[in-house]
Amino acid sequence: MIGPPGSGKSMLANRLPGLLPPMSEEEALESATILSVSNQAFKHELWRKRPFRNTHHTASAAALVGGGSNPMPGEISLAHNGILFLDELPEFDRRVLEVLREPLENAEVTISRATRQSVFPARFQLITAINPCPCGYLGDTHGKSCHCTEDQVRRYRGRISGPLLDRIDMHIEVPRQPLEMISNQTANDEESSSDARARVAQARALQLERNGCTNSALQGHALEHLCRPDNEGQRLLHRAMDQLDLSARAYHRILRLARTIADLGQCDAISASHIGEAIGYRRLDRES
């Protein structure tokens, strides 16, 4: 999420667990087991609650992936089956962020020591928040003016590597909302959180029935077969690949995201509109 200070990025991240589908018995046991072997004891009130880990930007690589002479799970394993939230992403040490690349691909972390090797699960949703520039007000039409130079903005965003950004499915803008929208508590034409959660649960159940896994886990032939768009959508995707110079990884991530957008809309086929929406979420690719 990209937006100025106070636009609601952290609030949105904290609300996201409320939209996720309930944990299965197997997922709850996995998360409870990880907590039990960590230095954080499992608490009964956390049973079947999806983890939400809010990690400070001063965290070390060992704090994220785990470590120690007797290997213990880190933040990314404690977020297994839940959410890992990294606020102020460019403020993290770049070398610390790079350790996220392998877990995001393989959904597990391997910690090797001289006498032993430990493997911890790490299937989590990574949610990050960044300001658009060092001062935070680039493009803010309802707040202060930005005084950052183009070079300062480029160096600020350059703290996040291209390979890591490539592994993040959605880059979305969170603009500051005008006062009249914030103070309007009577709008009844918007989808409620309970309705949104029901749609998410329905889409997830559909994926598990059709794929045997969620869309994010689709690979190889299953990905090409189940995420094939219509002809117009295929042409749109190929045009975006050429114009935005997207990687093969981004290509497959767009397909998975478009499949999920179609599932949320209860559509069997992936159309050009689904592909277009998925491409539109990759804002940082469009700006590069």
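Predicted model: local features only at pLDDT ≥ 70, side-chain atom pairs only at ≥ 80, totals over all residues.

**Entry 1: cysteines.** How many disulfides does the structure hold? I searched for cysteine sulfur pairs within 2.5 Å, the cut-off for a disulfide, and found zero. As a reminder to myself, a disulfide is a covalent bond between the sulfur atoms of two cysteines. I then checked C213, which is in no disulfide; its nearest cysteine sulfur belongs to C227, 9.4 Å away. C267 is in no disulfide either, and its nearest cysteine sulfur, again that of C227, is 14 Å away. C267 counts as partly exposed, at 30% relative accessibility. My scale calls a residue buried under 20% relative accessible area, exposed over 50%, and partly exposed in between, using a 1.4 Å probe and protein chains only.

**Entry 2: what I am looking at.** Residues are numbered from 1 along each chain as its sequence is written, and side-chain values use heavy atoms, with hydrogens and water left out.

Entry 3: I looked in UniProt and found an unreviewed entry listing residues 1-178 as "domain: Magnesium chelatase ChlI-like catalytic". UniProt positions follow the numbering used here, feature names are shortened, and annotations may be inferred rather than shown by experiment. Over residues 1-178 I read 30% helix and 15% strand, with the end C-alpha atoms 18 Å apart. Helices (H or I, at least four residues) and strands (E, at least two) are DSSP runs, numbered from the N terminus.

**Entry 4: positive phi.** Most residues other than glycine have a negative phi. I noted A107, not a glycine, with a positive phi of about 60 degrees. A107 sits in the loop between α6 (101-106) and β5 (108-112), and is partly exposed at 30% relative accessible area. I also noted D245, whose phi is positive, near 55 degrees. D245 is in the loop between α12 (231-244) and α13 (248-264), and counts as exposed at 68% relative accessibility.

**Entry 5: E27.** Is E27 buried or exposed? I found E27 buried, with a relative accessible area of 9%. E27 belongs to helix α2 (residues 25-37). Leaving out residues up to four places away in sequence, E27 touches P22, R50, N81 and R204, where contact means heavy atoms within 4.5 Å. Finally, I looked up E27 and R197, which are 170 residues apart along the chain; their C-alpha atoms are separated by 18 Å.
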